[in-house]
Amino acid sequence: MENSKKPNNQVNEQAEQAAALKKEQMIKIAKFGTIAVIGIIAIVLIYIYAFRNPAIESTNEAIAQADVLLIKSNGDSTAVANALTQYEKVANDGSTPAANRAKLMSAIILYKNGEYAKCIEYLDDYSTTGAIIDAGAYSLKGDCYVNTNNFDDAIDCYEKAVSISDENQQLAPFFMAKIAEIYHEQKEYAKELDIYEEIKTEYPQYSTLDVDKYIERAKALIEKK
């Protein structure tokens with residue numbers, strides 16, 4: 001009886017390991033450069049609203065406190081949690097510009113905490129404000145969908161991010177590469193190749209990735225199929 005169970009246990013363990021590996025691969029897509037991008041978004045938001053336009057936020061003590069907590073947190077989990085609490089208070093308090101910014105700031109922190117469903121809720125309620133920030137918000141939403149295995153929705157978000165940032169020689173191909181990596185993990189190598197070739201042709205100044213290497217990888221995998 002024990003011998004008959006061992007093969008089943010081994011199969012189950014192998015299946016679990018394969019599922020874990022797949023999840024790890026997909027999470028890599030979302031994490032590729034994401035922390036840097038959302039960090040830039042957070043800095044830009046705080047600069048524009050808390051420093052450049054102080055009159056806009058001067059009446060909102062809660063969001064000012066959240067900004068200070070986040071700036072001074074240096075990654076301390078307690079300070080970040082306190083900042084999130086403040087941002088959420090503002091986010092849930094009407095449809096003012098401050099509330100809108102607080103929704104995106106809350107989403108950024110929630111993503112870093114791995115709370116993807118709640119992050120998506122805030123992003124769904126967030127109203128677009130400017131090209132670079134909006135592209136980052138769509139990319140962040142796409143990353144959440146990748147981490148929750150909703151790959152079609154992720155691709156849709158990345159495509160919106162690409163569309164918004166089309167004239168930016170670094171951001172647009174960055175988002176395109178995320179779509180390509182989804183296709184790679186789904187073994188849709190022809191689609192992956194098309195995207196990397198478009199990046200090489202349309203965005204020659206893109207320097208974050210060795211695009212030629214990924215083109216050759218896709219071509220090799222197509223030949224093997």
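In which handedness of crossing does α6 pass α7? Left-handed: that is how α6 goes past α7, where left-handed means the near helix is turned anticlockwise from the far one by less than a right angle, and clockwise would be right-handed. Helices here are DSSP runs (H or I, at least four residues; strands are E, at least two), numbered from the N terminus.

Some housekeeping before the next click. This is a predicted model, in which local features need pLDDT of at least 70 and side-chain atom pairs count only at pLDDT 80 or more, while totals for chains, interfaces and linings use all residues. Residues are numbered from 1 along each chain as its sequence is written, and side-chain values use heavy atoms, with hydrogens and water left out.

**Whole chain**

Select everything and colour by secondary structure. You get 12 helices and 0 strands. Of the 225 residues, 44% count as buried (under 20% relative accessible area; exposed is over 50%, partly exposed in between, with a 1.4 Å probe and protein chains only). Among contacts (heavy atoms within 4.5 Å) with a separation of 6 or more, 57% join residues 24 or more positions apart.

Now colour by pLDDT, the predictor's confidence in each residue, from 0 to 100. The chain has a mean of 80, and 72% of its residues reach 70 or more. Select 17-23: the pLDDT there is below 50, and this stretch makes 2 contacts beyond near neighbours in sequence. Residues 54-59 are also below 50, with 5 such contacts. Where pLDDT is low, the predicted coordinates should not be read in detail.

**Stop 1: α6 and α7**

Select 97-112 and 116-125. These are α6 and α7, packed at about 160° with their axes 8 Å apart; axes are lines fitted to C-alpha atoms, for helices over the stretch in contact, and angles run from 0 to 180 degrees between N-to-C directions. The pair is therefore roughly antiparallel (over 145 degrees; under 35 is roughly parallel, 65 to 115 roughly perpendicular, the rest oblique).

Show side chains at the contact. On the α6 side, look for Asn100, Lys103, Leu104, Ser106, Ala107, Leu110 and Tyr111; on the α7 side, Tyr116, Lys118, Cys119, Tyr122, Leu123 and Asp125. By class, that contact has 8 nonpolar, 2 polar and 3 charged residues (nonpolar: Ala, Val, Leu, Ile, Met, Phe, Trp, Tyr, Cys and Pro; charged: Asp, Glu, Lys and Arg; polar: the others, Gly among them).

Go on to Tyr126, in the loop between α7 and α8 (131-147). Tyr126 is buried at 11% relative accessibility. Leaving out residues up to four places away in sequence, Tyr126 touches Asn100, Lys103, Leu104, Ile133, Asp134 and Ala137. Draw a distance from the C-alpha of Tyr126 to that of Ala99: 9.0 Å, for residues 27 apart along the chain.

**Stop 2: α4 to α5**

Centre on Asn74, in the loop between α4 (61-73) and α5. Check its backbone: phi is positive, about 50°, although Asn74 is not a glycine. Asn74 is exposed, with a relative accessible area of 73%.

Then pick Gln86 in α5 (77-91). Buried or exposed? Gln86 is buried, at 12% relative accessible area. Its contacts, setting aside neighbours within four places in sequence, are Ala62, Gln65, Ala66 and Leu69.

**Stop 3**

Select 171-185 and 189-202, which are α10 and α11. They pack at about 165°, axes 8 Å apart, and that makes α10 roughly antiparallel to α11. Their crossing is left-handed. By class, the contact has 10 nonpolar, 1 polar and 4 charged residues.

The loop between α10 and α11 holds Lys187, with a positive phi near 65° in a residue other than glycine. Lys187 counts as exposed at 52% relative accessibility.
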